[in-house]
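Biologist: I am new to this structure, and I would like to go through the terms used to describe it, one after another. Could we begin with what is meant by a buried residue?

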Amino acid sequence: MVSDNIAMTRFGEVVDASVEQLVGQCHRLYEAPPLGALVRAGTGVWGVVSGIATSALDPSRRVIARGADVATEAEIYAAHPQLEKLLRTDVTVTVTGHRESIGGANGPVHQYLPSQPPRIHTFLYSCTSVEVCDFFGGGGQPRSEPRLDFVHLLAGFGGPGDDVLAASLRQAATAFDDPRAFLVAASRAVAVVLSGDTSRINAIVRRLPIGEGTL
Amino acid sequence: MTNGFEGLGAPDGASPGEAAVELGVVVGGSLSQGLDVRLTGNGVVEDAKVGTFVTVHGTRHRYFGIITDLSLESADGHLSSNIAHADAAMAEVLSGTGAFAQARVTPMLMTSVGEEEPQPARSLPAHFAPVNRATNEDVQMIFGEDDATHIYIGSPLDMEDTRVCLDLQELVKRSNGVFGKSGSGKSFLTRILLTAIAQRGLATHLIFDMHSEYGWQATSESGYAVKGLRQILQSGVSVFSLDAESAHRRGFTPDYEVKIGLDEIEPEDIAILSSTLGISDAGVNACYTLHDRYGNRWISVFLGMDADAMAGLAAEGEHAGVLGALRRKLRDLDRIAFMQPDAPSGGGAVRQVLDHLVSGKHVVMEFGRYGDDQTAYVLVANLITRRIHAEYRKRTEEALASGGKQPDPLVITIEEAHRFLSGGIASQTIFGTIAREMRKYRVTLLVVDQRPSGIDEEVLSQVGTRITCQLDNERDVDAVLKGAPGSRELKGVLSRLESQQQALLFGHALRMPVVVRTRDYQDFATEMAMPGYGRTPVGPGDKKDLFG
């Protein structure tokens with residue numbers, strides 16, 4: 001899907017940036033990539049969507065309920081077209097890698113934190129399946145082994161972070177010829193990172209379609 | 001960090017020609033306790049067995065060792081409580097990551113890169129050194145090849161094509177032991193050793209063949225006939241028999257029917273039998289007195305005494321009761337069919353045995369029905385050995401004094417060795433002396449026994465090479481392993497030997513302990529019968545050429 005249009009994959013821009021986490025505001029309300037999706041900020045930083053939130057543009061003005069007299073939710077938006085502009089959808093991106101810049105030229109993609117966060121207003125793009133393949137090491141000629149160093153960055157959060165990790169693995173698996181093999185390999189990498197915490201490993205594995213006939 | 005796909009490529013330095021099978025990597029351990037090797041790769045856990053022979057590839061050295069223990073480990077101490085039921089997905093994810101198997105490998109030998117001669121391991125490989133199953137080349141390098149001084153004795157477990165060879169030249173330099181419970185294959189191993197040593201001309205044999213199984217053909221447990229030494233080595237072997245009838249029944253004529261003259265028995269021979277015959281210390285002392293007084297024919301004279309002569313003897317200080325008891329016991333001896341009043345002219349059996357041995361012929365002493373008669377067995381074995389040892393001692397000392405040729409090494413094989421070498425009597429019998437003084441006088445022992453715990457500790461400690469088949473009794477296992485380096489680890493190996501055709505070999509004639517599946521005796525006998533055997537290695541191809 002090399003024909004994917006860059007403009008079509010762009011969904012927002014960075015509004016808050018640190019080395020390990022970015023907050024991006026979506027250009028269109030509710031049009032955030034799914035949880036766990038691989039995204040890229042500009043051409044230098046890769047991350048996984050680890051949170052999505054929609055709220056009032058002005059935090060001091062709380063949204064009020066408007067549906068008392070209408071039949072459907074769509075009618076509310078039709079009756080109040082300004083809502084699209086008064087609300088915003090933000091995504092939280094956990095940084096999982098970056099592209100090394102060698103003398104200004106593009107170098108290899110690494111699965112560890114960049115030395116600098118991206119600048120504010122850097123555009124955010126959903127990764128195409130080709131990019132997903134490149135990042136996780138699927139596909140390619142000759143076919144390489146999965147790159148799973150990013151697991152360490154995601155596994156560190158715990159709690160809801162495990163859902164993010166599981167979601168990202170589910171999405172990444174779709175880019176592989178043998179999704180199950182990828183998921184098993186990734187789960188084993190998780191087991192190494194979370195060594196000694198079998199219940200957490202179990203919780204993550206149960207969120208993955210590894211069992212018979214699920215993929 | 002691991003990428004989740006376990007497994008390392010074949011390390012540099014792996015033997016060419018054969019892909020090394022990777023077992024795992026070193027993750028810890030010590031020289032005294034052994035290396036902890038984490039097993040990696042799929043399905044390898046059940047393939048790794050105790051006793052498997054492995055190589056560890058360090059940076060500067062290669063190490064050789066054996067797996068002495070296996071364990072299942074987990075990174076999570078609560079693994080068992082966290083996994084309530086067998087979940088296929090979790091099992092796949094956790095096996096090899098959070099839950100894994102470890103092997104304990106005892107390093108035995110090491111070689112430097114570019115150096116062929118293995119040394120005892122005195123250093124350790126670093127963490128993460130890859131561990132491989134040993135290849136044929138590795139085993140061959142350590143144990144040598146079947147040639148003029150080595151005998152192929154068996155194959156390491158799971159390495160059917162690999163040959164473990166014993167260095168026979170080293171073997172005959174010391175006393176050796178073949179141990180194992182009844183039916184574990186002691187006799188077959190012994191037969192292979194005896195034949196190989198004889199065929200290569202490394203020593204002369206004197207075999208006390210208690211159960212008549214080494215000289216002429218015997219029947220194996222599975223029912224087929226196995227060739228004896230006489231059939232394989234032909235005229236190089238003389239079979240002496242104490243029970244010619246038994247030999248005739250088995251379809252052959254012994255070369256010499258042994259008769260022992262009462263005049264050949266010395267008080268020392270009676271002393272050893274004192275517990276078997278129930279002769280008191282006073283009775284033994286009386287024997288010495290009688291011998292001093294009446295000379296060689298002391299037993300005949302004593303047994304022939306009338307009441308007056310006995311009374312006269314008692315009057316000279318011997319206790320009448322003691323003398324009476326002694327007479328009864330000596331009569332028992334006299335009643336044994338192969339005993340006769342006087343040795344045949346020309347020196348009798350002892351002389352004959354000695355002449356055969358000196359001329360380089362191997363002697364098998366068959367006991368026939370006396371094999372189960374402890375008195376006869378102990379008496380004859382001890383009587384003959386004592387005189388032969390004295391003769392060898394004399395000849396060796398003369399040769400040393402004159403700078404002449406020393407006699408050829410003699411290997412004396414005794415079965416049920418604990419009867420001669422038990423704690424109480426080992427110091428008295430000639431066998432105890434031979435075991436202790438080793439090869440000084442060119443005589444060594446091949447001890448075959450099923451109760452090694454019955455053998456005197458000091459004697460056992462002098463046994464150079466021990467070949468051990470399965471032993472059930474804990475005390476026997478401890479006795480065999482006593483003093484062996486790494487005995488604690490070997491104990492685990494020894495206690496898991498199969499009941500047949502497996503043996504643990506360690507000691508002087510081997511560079512390191514090894515568990516082998518012993519070779520097939522029929523194959524061995526066939527190979528032995530081929531022209532040129534023992535001078536050049538005979539491979540399967542040669543056999544095919546000869547036999548089509």
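Modeller: A residue is buried if 20 or more other C-beta atoms lie within 10 Å of its own, exposed if 12 or fewer, and partly exposed in between, the C-beta atoms being placed from the backbone. This is a predicted model, in which local features need pLDDT of at least 70 and side-chain atom pairs count only at pLDDT 80 or more, while totals for chains, interfaces and linings use all residues. Residues are numbered from 1 along each chain as its sequence is written, and chains are lettered from A and ligands numbered from 1 in the order in which they are written.

Biologist: Why does Ile201(A) count as buried?

Modeller: Ile201(A) has 28 C-beta neighbours inside 10 Å, and the definition asks for 20 or more, so Ile201(A) counts as buried. Ile201(A) is found in helix H8 (residues 198-206) of chain A, where helices (H or I, at least four residues) and strands (E, at least two) are DSSP runs numbered from the N terminus.

Biologist: With which residues is Ile201(A) in contact, leaving aside its neighbours within four places in sequence?

Modeller: Two residues are in contact if their C-beta atoms, placed from the backbone, lie within 7 Å. By that rule Ile201(A) is in contact with Val190(A), Ala191(A) and Leu194(A), and also with Val93(B), Leu94(B) and Gly98(B).

Biologist: What makes up the side of chain B that touches chain A?

Modeller: In the whole model, 19 residues of chain B are in contact with 21 residues of chain A. Helix H2 (79-82) and helix H3 (88-94) of chain B are the elements that give two or more residues to that side of chain B, and H3(B) provides the largest share, six residues. The residues on this side of chain B divide into ten nonpolar, seven polar and two charged, where Ala, Val, Leu, Ile, Met, Phe, Trp, Tyr, Cys and Pro count as nonpolar, Asp, Glu, Lys and Arg as charged, and the others, Gly among them, as polar.

Biologist: How do you know that the buried residues of H4(A) line one face of the helix?

Modeller: The buried residues of helix H4 (residues 129-136) of chain A are Glu131(A), Val132(A), Phe135(A) and Phe136(A). Seen down the axis of H4(A), these residues fall within an arc of 120°, so they line one face of the helix; the arc is that of the directions from the helix axis to the C-beta atoms. They pack against strand S3 (38-41), strand S4 (45-56), strand S5 (87-102), strand S6 (105-110) and helix H6 (160-173) of chain A. Just after H4(A), Gly137(A) takes a positive phi of about 85°.

Biologist: What makes H6(B) largely enclosed by the rest of the structure?

Modeller: Of the 14 residues of H6(B), 13 are buried, so this helix is largely enclosed by the rest of the structure. Helix H6 (residues 186-199) of chain B reaches 20 Å from its first C-alpha to its last, close to the 20 Å expected at 1.5 Å a residue, the expected span being 1.5 Å times one less than the number of residues.

Biologist: Why is S20(B) called largely enclosed?

Modeller: Seven of the seven residues of S20(B) are buried, so that strand too is largely enclosed by the rest of the structure. Both faces are covered, with Val443(B), Leu445(B), Val447(B) and Asp449(B) buried on one side and Thr444(B), Leu446(B) and Val448(B) buried on the other.

Biologist: Which strands pair with S20(B) in the parallel sense?

Modeller: Two strands pair if DSSP finds at least two bridges between them. Strand S10 (residues 176-179) of chain B pairs with S20(B) in the parallel sense over four bridges, and S19(B) pairs with S20(B) in the parallel sense over six bridges. Leu446(B) in S20(B) stands opposite Asn176(B), and Leu446(B) is also the bridge partner of Thr413(B).

Biologist: Why is one side of S9(B) and of S15(B) left without a neighbour in the sheet?

Modeller: The open sheet of twelve strands in chain B has the order S9-S8-S23-S22-S21-S10-S20-S19-S11-S18-S14-S15, with mixed pairing. Strand S9 (164-167) and strand S15 (256-257) of chain B stand at the edges, each with a single partner strand, so one side of each has no neighbour in the sheet. Strand S8 (residues 150-156) of chain B pairs with S9(B) in the antiparallel sense over four bridges, and Tyr152(B) stands opposite Cys165(B) in S9(B).
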